[in-house]
Amino acid sequence: MSVLVWIEQTEGGAVPSCWELAGKGRELADALGVSLDAVVMGAETAQTAAAAQSYGFDKVYAITDPVLADYRLTAYAVGLQKAVEASGASVVLASATIGGREVTAYVACQLDAGLAPDAVDLRIEDGKLVATRAVYSNNILTDVIFNSDIQVASARPRSFPIPEPGAAGGEVIALDLGLGEDDIPEKVIDVKVSDSGEVSLTDASIIVSGGRGVAADPVKGFELVTALADVLGAAVGASRAAVDADYIPYKHQVGQTGKTVKPDLYIAAGISGAIQHLAGMGGSKIIVAINKDPDAPIFERANYGIVGDLFEVLPALTDAFKERLS
Ligand SMILES: Cc1cc2nc3c(=O)[nH]c(=O)nc-3n(C[C@H](O)[C@H](O)[C@H](O)COP(=O)(O)OP(=O)(O)OC[C@H]3O[C@@H](n4cnc5c(N)ncnc54)[C@H](O)[C@@H]3O)c2cc1C
């Protein structure tokens, strides 16, 4: 029996939010009295497997195969399932990235197991996993319990602290994927890297977002949003209205049909606070709203509100932070 965590890789190595599950996974494994195992998959796995050892996993299953060079659902789901069998996992966890959500859903179906996607907390009660999910735009927290023997959950990035890595321990066990290229229906034709150098929205501890409020001069508006983000080392987000109006690409969209984020600080400039936007960022620790309408709904959720024109407020904030942080 074990708690098994999928440590997802991107080109730059492990996805940082997966390490949160080293700490939370250890807590769950100790409560169940079972081992904490990890699985790493890719064309190369040595570096991430070594990192997993330093995060205290008891066993690290490494599935190394050229067909795993690019993410493909079928191949990664087969790999995760092999690791579940090898480790005898009763709890299977992944970070709720796009891949993490998809692979856990697929594997849960294959194993006839219960699934709690995008959990914001995890605990053990009476020997079973309880996963807390934030629903209705983060207004209600629900506890999900499982009837199945295998319990699968993905955890919203930034829900748990990342533990300090220590001395390498735990053994690395190679597993065979057992798939050839012909067994995988998805083919990767081309890969376009679009956001090199940008701070990832889902991993960011600070996000500065812009909305339709930049409409008077969208180019300048998002330059001001980006300038403040740069000073703060923050990621740039946006409302759907801003994305739909082509002010900024979709990958920046926060909300129900965009990304779910949970930063320490979320600065919303020219965003009204529609329920679909709140669905993506309502779990932020501190929300600062900049809006020229004192009755904008975002102020009901904001910890701090600035009533004013974003074209004046954003540069003033950027200058003030520059001075403070220099
Ligand atoms: C199924 C569905 C899914 C959706 N998914 C999402 C989603 O994922 N994410 C999302 O964001 N939305 C989503 N929406 C859209 C959502 O309902 C809102 O339409 C959208 O969030 C509004 O974006 P906004 O706040 O930028 O624009 P608006 O609602 O138009 O608000 C603009 C705000 O800017 C303020 N403002 C104007 N000028 C200035 C200025 N110079 N300085 C300061 N403030 C100014 C205004 O007072 C206003 O409050 C979805 C809708 C549906 C139906």
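Mentor: Let us begin with a term: a residue is called buried if 20 or more other C-beta atoms lie within 10 Å of its own. Please keep in mind as we go that this is a predicted model.

Trainee: What makes both faces of strand S1 covered?

Mentor: On one side stand Ser 2, Leu 4 and Trp 6, on the other Val 3, Val 5 and Ile 7, and all of these are buried. Each of them therefore reaches the cut-off of 20 or more other C-beta atoms within 10 Å. In a regular strand the side chains alternate between the two faces of the sheet. With 6 of its 6 residues buried, S1 is largely enclosed by the rest of the structure.

Trainee: How do you know that S1 pairs with strand S6, and in which sense do they run?

Mentor: Two strands pair if DSSP finds at least two bridges between them, and S1 (residues 2-7) is joined to S6 (residues 89-95) by 5 bridges, with the two strands running parallel. As an example of facing positions, Ser 2 stands opposite Ala 89 in S6. S1 is also joined to strand S4 (residues 35-42), here by 6 bridges and again in parallel, and Leu 4 stands opposite Asp 37 of S4.

Trainee: Why is strand S6 called mostly covered?

Mentor: The count is 7 buried residues of 7 in S6. S6 also pairs with strand S10 (residues 151-155) through 5 bridges in the parallel sense, and there Ala 94 stands opposite Ser 154.

Trainee: What makes S9 and S11 the edge strands of the sheet to which these strands belong?

Mentor: The sheet is open and has 9 strands, in the order S9-S8-S7-S10-S6-S1-S4-S5-S11, with mixed pairing. Strand S9 (140-145) and S11 are called edge strands since each pairs on one side only. For S11 the partner is S5, with 5 bridges in the parallel sense, and Val 60 has Val 172 in S11 as its bridge partner.

Trainee: Which helices pack on this sheet, H1 among them, and what strands does H1 touch?

Mentor: Helix H1 (residues 20-32) touches S1, S4, S6, strand S7 (114-125) and S10, and its direction makes about 170 degrees with that of S1.

Trainee: What makes Val 5 stand out in the largest nonpolar core?

Mentor: That core has 56 residues, and Val 5 and Val 39 are those with the most contacts inside it. Helix H3 (residues 73-87) gives the core its largest share, 6 residues. Setting aside neighbours within four places in sequence, Val 5 is in contact with Cys 18, Leu 21, Ala 22, Gly 25, Ala 38 and Leu 93. Each of these pairs has C-beta atoms within 7 Å, so each is called a contact.

Trainee: Which residues come nearest to the ligand?

Mentor: Of the 27 residues around the ligand, Gly 211, Gly 213, Arg 240, Ala 241 and Gly 255 come nearest. The shell divides into 8 nonpolar, 14 polar and 5 charged residues.

Methods. Residues are numbered from 1 along each chain as its sequence is written. This is a predicted model: local features need pLDDT of at least 70, side-chain atom pairs count only at pLDDT 80 or more; totals for chains, interfaces and linings use all residues. A residue is near a molecule or strand if its C-beta atom, placed from the backbone, lies within 6 Å of it. Ala, Val, Leu, Ile, Met, Phe, Trp, Tyr, Cys and Pro count as nonpolar, Asp, Glu, Lys and Arg as charged, and the others, Gly among them, as polar. A nonpolar core is a set of buried Ala, Val, Leu, Ile, Met, Phe, Trp, Tyr and Cys residues joined through C-beta atoms within 7 Å. A residue is buried if 20 or more other C-beta atoms lie within 10 Å of its own, exposed if 12 or fewer, and partly exposed in between; C-beta atoms are placed from the backbone. Helices (H or I, at least four residues) and strands (E, at least two) are DSSP runs, numbered from the N terminus. Two residues are in contact if their C-beta atoms, placed from the backbone, lie within 7 Å. Axes are lines fitted to C-alpha atoms, for helices over the stretch in contact, and angles run from 0 to 180 degrees between N-to-C directions.
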